[in-house]
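Please read it alongside the sequence and the 3D view.

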Amino acid sequence: MIRREAMRDLLELSFDELVRLLSAWGEPSYRARQVWEWVWNHLETDFARMTSLPQGLRERLAGEFQVGVPQAVAAQTDGEGTEKVLLSLGDGQAVEAVLIREEDRRTVCVSTQVGCPVGCPFCATGQAGFVRDLAPGEIAAQVLHFARELRASGERVSHVVVMGMGEPLLNYDATLRALRNLNDRRGFALGARRITLSTVGVVPGIRRLAGEGLQLNLAVSLHAPDDALRRELVPLAAKWPLGEVLAAADLYAAATGRRVSYEYVLLAGVNDTPTHARALARLLRGRLAHVNLIPFNPAPGLPYRRPSDRDVDAFRRTLVEGGVDATVRRSRGVEIGAACGQLRGARIRGATGSPPGPGQGGRPARSPGPQRGQPASGSERGGSPRAGRAPATGPRWRSERAASPPGASTLGPSTGEATP
Ligand code: SAH
Ligand code: SF4
């Protein structure tokens, strides 16, 4: 993102704030709507080109604001329509965003943090630590980046999934502000039902979300049918046990009328046996729920294996026979590490030549993430990229710029595709 210091990002203002600002500047009330349309509808970034505005207003806006424009510093495509970009932020950090083209859907997966403080041991982002929260404009700008690209071919972003790097409910205000701005009918107008937010189970955040009056799709990352196993796979589970997570999700379903999706990463030999499937079915039966099974997406340094297609299908069938609706998310773009974060990791490893990480296979004795759900600080967990293997390979790798982003130090999580 090109960021001129001391410039505010216009993407961070809500419509009402823009109205108040322009009114304080003595502008007529319709100007806010015009500016909003330029930014969120025409996707204009240059105030000089906002030709329906008087020259003086354009200059004043340009003197105080910028429209955050992400700079793609690397990109990968799987050749079938899935594209992943590494977007550079103003302070030298970088995050990934992914565009997934499927039939009539154009889904953008966004990141909400640089790194993630939760530290799930199967997740590349979680293993590399937390750097910082993204600002609302930095979240929305990821969507606008692909919206501009799609517009060139007469297409639009049809869905957004908040499934990239980071835990959105640990960056609640910025995430909600970005989603509300994208949802605003006067501009980008992306329906709330076309937005899916994935959380690892931050109970107060889910409860708060239920009161927002927004019909977002909620996806809850479960990954285990009992607390003991879940604590190994999701360090935050020590703080919010399954019973509390499910109660909060039930509240969300009741408040919004939306079916909750439960995500379940299938890790061979860890959480993918018929016993796990039956226990999961018992847990979710009778709820307004749907299970999204995500076969583990390998990334360098992550000590898990992806189950066979047969085992994945057997798990799904056991759930369905147990009365729970379930689908398998066949991650497109596995070849490009369609998991958000792997691109970033690859560049960092390539740039730093950091030492090799732990091998693949086997199961970690315990989760290396922060304990008792306390997000670790960047200084504790930032800094040391774990893996030093070959970069995530991709059939089409192109580097948009020669230089790697300075200061970037983490790997990333996974996104699949699929909104419910
Ligand atoms: N922090 C949020 C959202 C980002 S992760 C969350 O955890 O829900 C989005 C999804 O990708 C989560 O369901 C997460 O469990 C999954 N994921 C992370 N690493 C993965 C991997 N290596 N393979 C498959 N899915 C992964
Ligand atoms: Fe964070 Fe989600 Fe990765 Fe866990 S899976 S470390 S919560 S991004």
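## Terms and model

Two strands pair if DSSP finds at least two bridges between them. Helices (H or I, at least four residues) and strands (E, at least two) are DSSP runs, numbered from the N terminus.

This is a predicted model: local features need pLDDT of at least 70, side-chain atom pairs count only at pLDDT 80 or more, and totals for chains, interfaces and linings use all residues. Residues are numbered from 1 along each chain as its sequence is written, while chains are lettered from A and ligands numbered from 1 in the order in which they are written.

## Overall make-up

The chain holds 13 helices and 15 strands. Of its 420 residues, 53% are buried. Buried means that 20 or more other C-beta atoms, placed from the backbone, lie within 10 Å of the residue's own; exposed means 12 or fewer, and partly exposed lies in between.

Contacts here require C-beta atoms, placed from the backbone, within 7 Å. Among contacts between residues at least 6 apart in sequence, 77% join residues at least 24 apart.

On one side of E12 sit Val260, Tyr262, Tyr264 and Leu266. Ser261, Glu263 and Val265 are on the other, and both faces are covered.

E12 runs parallel to E13 (residues 289–295), joined by 7 bridges. E11 (residues 217–221) also runs parallel to E12, with 3 bridges. Tyrosine 262 links to both neighbours: its bridge partner in E13 is valine 291, and valine 220 has tyrosine 262 as its partner in E12.

## The E3–E4 hairpin

E3 (residues 71–77) and E4 (residues 82–88) pair in the antiparallel sense over 6 bridges. Alanine 75 has valine 85 of E4 as its bridge partner. The hairpin has 4 residues between the strands, and glycine 79 takes a positive phi near 80°.

## Helices H1 and H2

Two packed helices are described by the angle between their axes and the distance between the axes. Axes are lines fitted to C-alpha atoms, for helices over the stretch in contact, and angles run from 0 to 180 degrees between N-to-C directions. For H1 (residues 15–24) and H2 (residues 30–40), the axes come within 8 Å and cross at roughly 130°. The two are therefore oblique to each other. Angles under 35 degrees count as roughly parallel, over 145 as roughly antiparallel, 65 to 115 as roughly perpendicular and the rest as oblique. The crossing is right-handed, with the near helix turned clockwise from the far one by less than a right angle.

H1 contributes Phe15, Leu18, Val19 and Leu22 to the contact, and H2 contributes Arg31, Ala32, Val35 and Trp36. By class, that is 7 nonpolar, no polar and 1 charged residues. Nonpolar covers Ala, Val, Leu, Ile, Met, Phe, Trp, Tyr, Cys and Pro; Asp, Glu, Lys and Arg are charged; the others, Gly among them, are polar. Buried residues of H2 include Trp38, Val39 and Trp40. The buried residues of H2 pack against H1, H3 (55–64) and H6 (172–183).

## Helices H10 and H11

The axes of H10 (residues 274–284) and H11 (residues 309–321) come within 8 Å and cross at roughly 30°. That makes H10 roughly parallel to H11. H10 passes H11 in a right-handed crossing.

Pro274, Ala277, Arg278, Leu280 and Ala281 of H10 meet Ala314, Phe315, Thr318 and Leu319 of H11. This contact has 7 nonpolar, 1 polar and 1 charged residues.

Methods: Two residues are in contact if their C-beta atoms, placed from the backbone, lie within 7 Å.
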